Amino acid sequence: MKAVNFEQEFLAGQEEKGFESGHASTLVETKNHVVVAAWFGGSWEKGADVAIWMSRRVDGIWETPRKAAEVRGTAMWNPVLFQKKDGTIQLFYKVGETIAEWKTWYMESGDEGVTFTEPRELVPGDVSGGRGPVKNKPIRLADGTVLAPASLEGGCWDAFVDISKDDGETWEKSELVPVRRGGYDIYTVDQPYNKYRLFGKGIIQPTLWQDGEGAVHMFLRSTSSRIFRSDSVDGGRTWSMAYDTGLPNNNSGIDLTKLPNGDLILVYNPRENLPNYYKGPRTPLTVAVSKDNGKSFEKLMDLETGHGNYCYPSVICNEQNEVMITYTWNRDNIVFCKFQYEE
């Protein structure tokens, strides 16, 4: 397996980007091969000036970034893009001064991201800390059901999925993913191994796929130096006890996509937390491939290897085995890259 025709570029030049700091990108590709990307940008994460920004790549050229949504004086977070069956683009995002106070809003575009509807609250009146996709894209199951990977962050971290049977019009919350906690101390991570035991706050920001047998799976960011996994045999309504995959995790975002042949492309920082600490360096940023439904991975390539902050990837693929990725570059800009995957 190899990556060919590799391209890598910033979404915007320093003079035109319009924001000091950008983070948490997301992307979709339309049927006309327009790539739409979004991220949050402003002075810095949590800042009252942070808005949702977006750009479109048309005929290989990125348009000048523009604000897609803004709530004056309130921080905005974690946009997620998704396409409905008819090609309508949905743009989800979080609003709130703190993560525990997040509310999820969304807008729709019927013209490939040129214009969007007025924002609407995803689950009116929700005070749980956010519904719907929290970082990574929803997936559509073989029966048409849409699953949105979701999580909650407060005193502890928990994950679930939101389930829609009507292509994103209404949502039903799944059961929380069961977690066997070994302690809540986020500074205590070096403990005797048990694949079901998780240390620190917990698990968040799932990324999802459905296998050829119909089962649904998720990988999860954790505070326990490992990517965790959970599995569902009932369409995402209930989940197995979360367990350690053995893949290192530095308490930073991950994402994966399923290729037409069933292979999985995972993008992540293959780093553990620092000793007796709850975070680790966000470099390198690596692309890996699994041919056995996520049981094992082989490195395909590194996107970044130098000193810096290269993280929070978003990855998609199309029917032509073209893989597209965006990620945070030193909190300064967003990088886009693409390549053709060959076995």
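Asp263 touches Thr257, Lys258, Val289, Ser290, Lys291, Tyr341 and Glu343, leaving aside residues up to four places away in sequence; contact here means heavy atoms within 4.5 Å. The model is predicted, so local features need pLDDT of at least 70 and side-chain atom pairs count only at pLDDT 80 or more, while totals for chains, interfaces and linings use all residues. Residues are numbered from 1 along each chain as its sequence is written, and side-chain values use heavy atoms, with hydrogens and water left out.

Asp263 itself sits in the loop between strand S21 (255-258) and strand S22 (264-268). Strands, like helices, are DSSP runs numbered from the N terminus (strands: E, at least two residues; helices: H or I, at least four). With 6% relative accessibility, Asp263 counts as buried, a word used for residues under 20% relative accessible area, against over 50% for exposed and in between for partly exposed (1.4 Å probe, protein chains only). Its side chain also makes a polar contact of 2.9 Å with the side chain of Tyr341. A polar contact is a pair of N or O atoms within 3.5 Å; within protein, one must be able to donate a hydrogen and the other to accept it, and residues adjacent in sequence count only if both atoms are side-chain atoms.

An open sheet is formed by four strands in the order S1-S27-S26-S25, with antiparallel pairing; two strands pair if DSSP finds at least two bridges between them. Its edge strands, each pairing on one side only, are strand S1 (2-10) and S25. From one strand to the next, the twist averages 20°, where axes are lines fitted to C-alpha atoms (for helices over the stretch in contact) and angles run from 0 to 180 degrees between N-to-C directions.

Elsewhere, strand S9 (residues 103-109) is largely enclosed by the rest of the structure, because five of its seven residues are buried. Seven bridges pair S9 with strand S8 (residues 89-95) in the antiparallel sense, with Val95 opposite Lys103. S9 also runs antiparallel to strand S10 (residues 120-121), to which two bridges join it; there, Arg120 is the bridge partner of Tyr106.

What gathers in the interior? The largest nonpolar core has 25 residues, of which Val36, Ile52, Leu81, Leu91, Tyr93 and Met107 touch the most other members. Such a core is a set of buried Ala, Val, Leu, Ile, Met, Phe, Trp, Tyr and Cys residues joined through side-chain atoms within 4.5 Å. At least two residues of this core come from each of several strands, including S2 (21-29), S3 (35-42), S4 (51-58) and S25 (310-317), and S8 gives the most, with four residues. Apart from this core lies another, of 18 residues, among them Val267, Tyr310, Val315 and Val335.

The cysteines complete the picture. A search of the whole structure finds zero disulfides, a disulfide being a pair of cysteine sulfur atoms within 2.5 Å. For Cys311, the nearest cysteine sulfur is that of Cys337, 14 Å away. The sulfur of Cys337 has its closest cysteine sulfur in Cys317, at 14 Å, too far for a bond. Cys311 is buried, with a relative accessible area of 0%, and Cys337 likewise counts as buried at 0% relative accessibility.
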